[in-house]
Amino acid sequence: MKASYKVMDIKKVLDVWEKNYPDRKTINFSELENLTIRLRKPLIYNIEEIISLLSVYITNNHTETIHLCKESDVCKILKVKKLAMHQWRTKSYIRYIQIAKTIRYDLTALLEDLNKIRDKTYHLTDFIL
C-alpha cells in the first residue's frame, strides 16, 4: 500500500464489506485498497476546500498560455468524483469545452465559476458557451 490510510477509513471499508458480502470472511489486499480509495472521497463537497485546492494548483503550475485540462485530471486536482463534475455541468454551474468525446476545462474559468457558486452570484445565462 503506497498511500497511508486512517484506521477509521479501513474500519468503514470493512463494515461495508461485511454488509455487502456476509458470506465472504476474507478480503484481498487490493480489494481493501480499492474500496478505501473509493470510500475516502466524500459525496458532499466543501466549496471552500475545492476553491483552495484549485487556486493552489493554479499558482503552483502557472503557465502563460491557456491550458485545457482533461476531466480526469481536474477530478484529481479537486479530489472530486466525475459524477460531481457531470452534475455541475448539467446544472450549468461550470463552463467546459467538449472536443470530440473528451471534456476539457480551463482552470482559471473553472475557478471563477466556483467562486460565483460560493458567492451565489451565478446566472444560468453566464455559463452558456
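Predicted model: local features only at pLDDT ≥ 70, side-chain atom pairs only at ≥ 80, totals over all residues.

Residues are numbered from 1 along each chain as its sequence is written, and side-chain values use heavy atoms, with hydrogens and water left out.

The core, then. The largest nonpolar core has 22 residues. By nonpolar core I mean a set of buried Ala, Val, Leu, Ile, Met, Phe, Trp, Tyr and Cys residues joined through side-chain atoms within 4.5 Å. Buried is under 20% relative accessible area, exposed is over 50%, and partly exposed is in between, with a 1.4 Å probe and protein chains only. Leu 54, Val 74, Leu 78, Val 80, Met 85 and Trp 88 have the most contacts inside this core. At least two core residues come from each of α3, α4, α5, β3 and α6, and α6 has the largest share, 5 residues. Helices are DSSP runs of H or I with at least four residues, strands are runs of E with at least two, and both are numbered from the N terminus.

Now α6 itself. The helix covers residues 107–119, and at 1.5 Å a residue its 13 residues should span 18 Å; the end C-alpha atoms are 18 Å apart, so the two agree. That expected span is 1.5 Å times one less than the number of residues. Among its buried residues are Leu 107, Leu 110, Leu 111 and Leu 114. Leu 54 touches those four leucines, as well as Ile 77 and Leu 78, leaving aside residues up to four places away in sequence. Contact here means heavy atoms within 4.5 Å. Just after α6, Lys 120 takes a positive phi of about 55°.

Next, what about Arg 89: buried or exposed? Arg 89 counts as buried because its relative accessibility is 12%. It is in helix α5, residues 82–90. Its side chain makes a polar contact with the side chain of Tyr 105, at 2.9 Å. A polar contact is a pair of N or O atoms within 3.5 Å; within protein, one must be able to donate a hydrogen and the other to accept it, and residues adjacent in sequence count only if both atoms are side-chain atoms. The charged end of Arg 89 also sits over the ring of Tyr 96, 5.6 Å from its centre. The criterion is NZ of Lys or CZ of Arg within 6 Å of the ring centre and within 35 degrees of the ring normal.
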